[in-house]
Amino acid sequence: MEKQIKTVWILTIITALLIIGGQAYWLYNQYGYSADEHMRNLHAEILKLENAEFEARYKQRTVNTPMTLSYSIEMPDLTNSKGNSRCVITLYEKFTQSQGDLLAAGAVDAFKEKEMRRDTFSVPTYNIPSELIFEATSRFSTELSFPLTVTRLDSLFEANHITATDIRQVNIDSTLWRGTYHSLENLFPPRMLVTYPYNPLVKQAMTAIVTVPVNPLLKQMMWQLTGSILLVLVLVCCLVYQIKTILKQRKIDEMRKSFVNTMIHELKRPVQTLKMCVAFLNNKSMRTDEAAMDEVLKDSMFEIDNLSAYLAKVRDMTRADYEHTPLNIRTFDVCETIQKLIRLCNIPAGKNVVITPHFDMTTQLVTADPVHLANIISNLLENAIKYSGSEVAISISCTLQAHTLTLAISDNGIGIPASEQSKIFDKFYRGNNIPDRNIP
């Protein structure tokens, strides 16, 4: 039984840990999915802000710079089978003012030097739409007049309540036409590395580490977190209730076994008394004493009642799940019970036993279970006689005060050492100071 209970407990705990672990893993994945979704939304918002920032600088350049931008593209041979086709982009910038205006302004030398500016770039042509090429050329020309700075981008993030750190201006290895991001290995809080190609033609970009706010994630997962916590709590409660039920059933089973063993141990007293009574009745000379005959019959009925009570308790214990030993409470004369137990006490041959009762009571009637109380007194008397020498002196003190009955039994036996007094209520335990180990 013990092994089966331990197996059930181990399997239950393992199952609970697996379920809780699976629930935690599911929540972790859900948190990761939610973080990725928020990263996509946040990056889309960042792209809009970056485009708006570029439009502002582009308009400022158009208003303040008397230059126009044009470009030409030389496309490669599309039948090239090497798969590394590239095109050549040539940018031209010209003054919008007429030559006469420039001469009138005294800027002949400047006109000759800046009449036309030309930059040539070789870029890949892997499905690059023309609008991306035009936007890249516009970003290039805008960057010449109004360059993007780290401080400007940081201010843009701060103004829109975006937490960005480690903003850097970097040169990338390949041409990047659109802004990108990738998640960093950190989910508490989630972070992503954002790359903003503000000047794609010369492979210039800004990078920043952007932190995704945790509060929106938790709000989005509120129902999932609540449901998971409730599920885990229900599981834990069920496991606790299951373990509690197993412990209760185990306790009841132990009480049944203990009660049966105790009853077997206690049945010897009424059986021994009945044997004495039968032996008395078998003596023809003693049967002539009517007073003694009545006393023997009375004692026999008393012990038969005790046997009936024992059997009734065994029946009750096997039929119901009692957490405590069932008691049959009634009012009886405790002094009469003690006197009867003294008279029926089995005194072995070779021992001189003197039992002296002392009663300090205003009334001899008490309310208790007479069978169990008789068992207690009988066991104490039996042990006092068993673990004493040839001359045994036993004192029984019975005091009733404030509706409380106090029974004190002392003897001149070997006693119980202080180191073993904590074992008093251990069933069938005997100390190590017993002189004769053959005592049953």
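1. Contact here means heavy atoms within 4.5 Å. Keep that cut-off in mind for Leu381. Leaving aside neighbours within four places in sequence, Leu381 is in contact with Cys345, Ile355, Ile394 and Ile396.

2. A word on the source. This is a predicted model, where local features need pLDDT of at least 70, side-chain atom pairs count only at pLDDT 80 or more, and totals for chains, interfaces and linings use all residues. Residues are numbered from 1 along each chain as its sequence is written, and side-chain values use heavy atoms, with hydrogens and water left out.

3. Now the overall picture. The protein has eleven helices and twelve strands. These are DSSP runs, numbered from the N terminus: helices are H or I with at least four residues, strands are E with at least two. Of the 440 residues, 32% count as buried. Buried means under 20% relative accessible area, exposed means over 50%, and partly exposed lies in between (1.4 Å probe, protein chains only). Take the contacts between residues at least 6 apart in sequence: 71% of them join residues at least 24 apart.

4. Which residues have the most contacts inside the largest nonpolar core? They are Val334, Ile338, Ile355, Met361, Leu381 and Ile394, and the core has 22 residues. A nonpolar core is a set of buried Ala, Val, Leu, Ile, Met, Phe, Trp, Tyr and Cys residues joined through side-chain atoms within 4.5 Å. The elements giving two or more residues to this core are α10, β9 (352-360), α11 and β11. The largest share, six residues, comes from α11. A second, separate core has 20 residues, including Leu42, Leu156, Ile167 and Ala208.

5. Next, helix packing. Two packed helices are described by the angle between their axes and the distance between the axes. Look at helix α10 (residues 334-343) and helix α11 (residues 370-386): their axes come within 10 Å and cross at roughly 40 degrees. That makes α10 oblique to α11. Angles under 35 degrees count as roughly parallel, over 145 as roughly antiparallel, 65 to 115 as roughly perpendicular, and the rest as oblique. Axes are lines fitted to C-alpha atoms, for helices over the stretch in contact, and angles run from 0 to 180 degrees between N-to-C directions.

6. Is the crossing of α10 and α11 left-handed or right-handed? The crossing is right-handed. Val334, Thr337, Ile338 and Leu341 in α10 meet Leu373, Ala374, Ile377 and Ser378 in α11. The residues of this contact divide into six nonpolar, two polar and no charged. For these classes, Ala, Val, Leu, Ile, Met, Phe, Trp, Tyr, Cys and Pro count as nonpolar, Asp, Glu, Lys and Arg as charged, and the others, Gly among them, as polar.

7. Zoom in on Ala374, in helix α11. Ala374 is buried, with a relative accessible area of 0%. Its C-alpha atom is separated by 7.6 Å from that of Ile338, 36 residues apart along the chain. Leaving aside neighbours within four places in sequence, Ala374 is in contact with Arg269, Thr337 and Leu341.

8. Ile264, His265 and Glu266 in α7 meet Lys268, Arg269 and Pro270 in α8. By class, this contact has two nonpolar, one polar and three charged residues.

9. Trp26 lies in helix α1 (residues 2-64). At 37% relative accessibility, Trp26 counts as partly exposed. Leaving aside neighbours within four places in sequence, Trp26 is in contact with Gln224 and Ser228. The C-alpha atoms of Trp26 and Ser228 are separated by 9.5 Å, and the two residues are 202 apart along the chain.

10. Last, check two backbone angles. Most residues other than glycine have a negative phi. Lys203, not a glycine, has a positive phi of about 60 degrees. Lys203 is in the loop between β6 (190-199) and β7 (204-211), and is partly exposed at 28% relative accessible area. Ala402, also not a glycine, has a positive phi of about 50 degrees. Ala402 is in the loop between β11 (391-401) and β12 (404-411), and is exposed, with a relative accessible area of 72%.

Technical notes. A crossing is left-handed if the near helix is turned anticlockwise from the far one by less than a right angle, and right-handed if clockwise.
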